[in-house]
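Q: Got a model to go through with you. Can we start with the ground rules and then take it site by site?

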Amino acid sequence: MACKLSQKTISNVIKFHGHSCPGLRIGIRASELVRRELGDLPDARLVCIAETDMCGVDAVQYLTGCTYGKGNLVHRDYGKTAFTFFDRETGRGFRCLLRSGAREDMAEEMSSLQQKTASGEANEAEQARSKEFRRLMEERLMVSDLDQLFEVMEPNVAMPRNARILASLVCEACGEETMESRTRRFAGKTLCQPCFNKVEQKV
Ligand SMILES: [Zn+2]
Ligand SMILES: [Zn+2]
């Protein structure tokens, strides 16, 4: 079934993200899946693991209320168009992965056109075609059935823990307070991540 969100909601998502693009549409549709699979949950009960940091994450943040600032959005930098959602109260969850076929037939010409456009080599006709491609792709993402777009499966990771441990330690190199869970030990010293990286490079 096509996207059921109102035009107003969609334009708010576009405003939040800053532009309209195919990636954003993927996030919009993934957010629709959340409602279908887990019901209409208050955002405090939801937690999302995003395996990408591309455009679509903005739609997920806006529509599901899973945000970096609240700590219920976790980024795992795997470079996959996949999202896992859990209901914290019941532990129920699912993972959705964008099917490669969702954009395959257009992907090749689209990416070569995009490269040309980006490097300024595209002529006017190619620029227009590139624009048209994006529009077609966005449209397709919005009208496709959710199961056509995504493979929906069981989560492949445990639900992230709720606790945000707020204890801080002072980095012994720069003196700045750092969340304990983000500190490293090196040669008997407690270091923040950037300071740890510096000494590690010297060794
Ligand atoms: Zn975008
Ligand atoms: Zn430091």
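A: Contact here means heavy atoms within 4.5 Å. This is a predicted model, where local features need pLDDT of at least 70, side-chain atom pairs count only at pLDDT 80 or more, and totals for chains, interfaces and linings use all residues. Residues are numbered from 1 along each chain as its sequence is written, chains are lettered from A and ligands numbered from 1 in the order in which they are written, and side-chain values use heavy atoms, with hydrogens and water left out.

Q: OK. What does T178 touch, not counting residues up to four places away in sequence?

A: A167, S168, L169, C171, T183 and C192.

Q: Where is T178 found?

A: In strand β7, residues 177–179. Strands are DSSP runs of E, at least two residues; helices are runs of H or I, at least four; both are numbered from the N terminus.

Q: Is T178 buried or exposed?

A: Buried, because its relative accessibility is 13%. The cut-offs: buried is under 20% relative accessible area, exposed is over 50%, partly exposed is in between, with a 1.4 Å probe and protein chains only.

Q: Which backbone oxygen lies 3.2 Å from a polar atom of the T178 side chain?

A: That of E176. A polar contact is a pair of N or O atoms within 3.5 Å; within protein, one must be able to donate a hydrogen and the other to accept it, and residues adjacent in sequence count only if both atoms are side-chain atoms.

Q: Metals next. What are the protein donors of the zinc ion (ligand 2)?

A: The SG atoms of C171, C174, C192 and C195, lying 2.3 to 2.4 Å from the ion. C171 sits in the loop between β6 (168–170) and β7, and C192 in the loop between β9 (189–191) and α7 (193–202), so this pair, 21 residues apart, links distant parts of the chain. Donors are N, O and S atoms within 2.8 Å of the metal (3.2 Å for Na, K and Ca); water is not among the atoms, so sites may look incomplete.

Q: What spacing do the donors of ligand 2 follow along the chain?

A: C-x2-C-x17-C-x2-C.

Q: How buried are C171 and C192?

A: C171 is buried at 2% relative accessible area. C192 is buried too, at 8%.

Q: And what is the arrangement around ligand 2?

A: Tetrahedral, because the four donor atoms subtend angles of 98 to 117 degrees. Four donors count as tetrahedral if all angles lie between 85 and 135 degrees; four count as square planar and six as octahedral if opposite donors are over 155 degrees apart and all others between 65 and 115; anything else is irregular.

Q: Which residues coordinate the zinc ion (ligand 1)?

A: H17 and H19 through NE2, and C21 and C55 through SG, at 2.1 to 2.3 Å. Their spacing is H-x1-H-x1-C-x33-C.

Q: Why is the ligand 1 arrangement irregular?

A: Because the four donor atoms subtend angles of 91 to 136 degrees.

Q: Which way do C21, H19 and C55 fall, buried or partly exposed?

A: C21 is buried at 4%. H19 is partly exposed at 38%, and C55 is partly exposed at 24%.

Q: How many disulfides?

A: Zero, taking a disulfide as a pair of cysteine sulfur atoms within 2.5 Å.

Q: New topic: how many residues of β3 are buried?

A: Six of six, over residues 82–87. A82, T84 and F86 point one way, and F83, F85 and D87 the other.

Q: In what sense do β1 and β3 pair?

A: Antiparallel, over five bridges, with β1 spanning residues 46–50. Pairing needs at least two DSSP bridges between the strands. L46 stands opposite D87.
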